[in-house]
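Please open the structure in a viewer and follow the stops below in order.

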Amino acid sequence: MKHFCLAAIMTAGTLVAPAATVNVQDLLQRSVAAMQRNWKESPNYVFTDREVEEKLGSSGAVASRTVKTYDVSMMDGSPYQRLVAVNDKPLPPAQQKAQQQKMEAERRSRASQSNGVRKRRIAKYEKERKQDQAMLREMVHAFNYRLIGEETVNGRETYVLDATPKPGYVPTMRDTKVLTGMKGKLWIDKSETQWVKVEAEVMRPVSFYAVATVGPGTKFILENEPVGGGIWQPKHFAVHVNSTIFWISRNSAEDERYGDYRRVGSESASAK
C-alpha cells in the first residue's frame, strides 16, 4: 500500500438504524487489534498491485494518466515490484523476459549487499510500514466516533461509524497533523471486527511549517478484504490531493487496486 505521506495526501446498501447495544469504544479497540494482526502478517503475502496515477490541471481535468500493474513479492527482507502490464495490457514476451532478468539481477544484487546496506534497505521499508500503521492507528485517537447505522459493503454486513475531529487532539507525528482538519466514516465488519472501508476528507486547510498546505478536496478511501485465516489485506486505496507547496498549487490523484493474494512460506517472505 502507498505510504500515507503528505506528498500523497460509498459500494453500500441501505442504511438502517444502529443496534442500541453496540459499545463503540469496544468495537474500535477490537478492530484495532484485528488491524495489528493484519499488519504483522502482510509481509507473508505476494499480490498484484494495479496503480493508476493522474496529474490534474488547475481546472481539475486529467492532464496525464498512467496505469501500471506489478507483481509484488518479498525479496531478502523488503518488497520487489515486477512490472507485468502497462495500461492493462500484458507485457510482450520480450519485455516479460527483460523484467524477469531485471528481477534476477536485483536478487543477486541484494544477496551481495554488505550488512550495513542491507540493514538500511530493510529499515527504510519497516519505517514506511510503521508510518502507514501509525496513520491508521491515529485515526482512532484523532476522531470522535458515533454509530449511525448498519450497511452492506462489498457483501459484508457492517456497522457504520461517523468520525469528526476530536477537540484537543495533538498529532504524534507530522503526517498525522492532517487528521486535525479531516472528517470521515468507518465501516466495521460485524462478524470479524475488521475495517471493511474507511474514507476521510479534508474539510479545512491544514498547514505544514508555513511552506505546504493541504486543502479541502483532499480525500482518501481504503477498502480491505479477507484473504484467509482471519487475515484481511488492502483491496483498494485511492487518494486525491489538493495542496499548495511554496505557494504553487498541486493536484494529483492515485488509485491502487490489490488482488491475487498468495501466502508464502516464512522462509521466503519474512521481513520481521
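The tour covers a pair of helices, then the nonpolar cores, then a residue in a strand. Keep in mind throughout that this is a predicted model.

**Stop one: two helices**

Select residues 24–41, which form helix 1, and residues 115–142, which form helix 3. Their axes come within 11 Å and cross at roughly 170°. Angles over 145 degrees count as roughly antiparallel, so helix 1 is roughly antiparallel to helix 3.

Now show the side chains where the two helices meet. Helix 1 contributes Val32, Met35, Gln36, Trp39 and Lys40. From helix 3 come Arg129, Lys130, Gln133, Leu136, Arg137 and Val140. Colour this contact by class and you will find five nonpolar, two polar and four charged residues.

**Stop two: the nonpolar cores**

Next, select Tyr145 and Leu161. The largest nonpolar core has 41 residues, and these two touch the most other members. Centre the view on Leu161 and leave aside its neighbours within four places in sequence. Its remaining contacts are Val24, Leu27, Leu28, Tyr145, Arg146, Leu147, Gly184, Lys185, Leu186 and Ile188.

A separate core of five residues lies apart from the largest one.

**Stop three: alanine 63**

Finally, select alanine 63, located in strand 2 (residues 62–75). Is alanine 63 buried or exposed? Its relative accessible area is 62%, and exposed means over 50%, so alanine 63 is exposed.

Serine 252 is 189 residues from alanine 63 in sequence, yet the C-alpha to C-alpha distance between them is 9.7 Å.

Notes: Residues are numbered from 1 along each chain as its sequence is written. This is a predicted model: local features need pLDDT of at least 70, side-chain atom pairs count only at pLDDT 80 or more; totals for chains, interfaces and linings use all residues. Side-chain values use heavy atoms; hydrogens and water are left out. Axes are lines fitted to C-alpha atoms, for helices over the stretch in contact, and angles run from 0 to 180 degrees between N-to-C directions. Helices (H or I, at least four residues) and strands (E, at least two) are DSSP runs, numbered from the N terminus. Angles under 35 degrees count as roughly parallel, over 145 as roughly antiparallel, 65 to 115 as roughly perpendicular and the rest as oblique. Contact means heavy atoms within 4.5 Å. Ala, Val, Leu, Ile, Met, Phe, Trp, Tyr, Cys and Pro count as nonpolar, Asp, Glu, Lys and Arg as charged, and the others, Gly among them, as polar. A nonpolar core is a set of buried Ala, Val, Leu, Ile, Met, Phe, Trp, Tyr and Cys residues joined through side-chain atoms within 4.5 Å. Buried means under 20% relative accessible area, exposed over 50%, partly exposed in between (1.4 Å probe, protein chains only).
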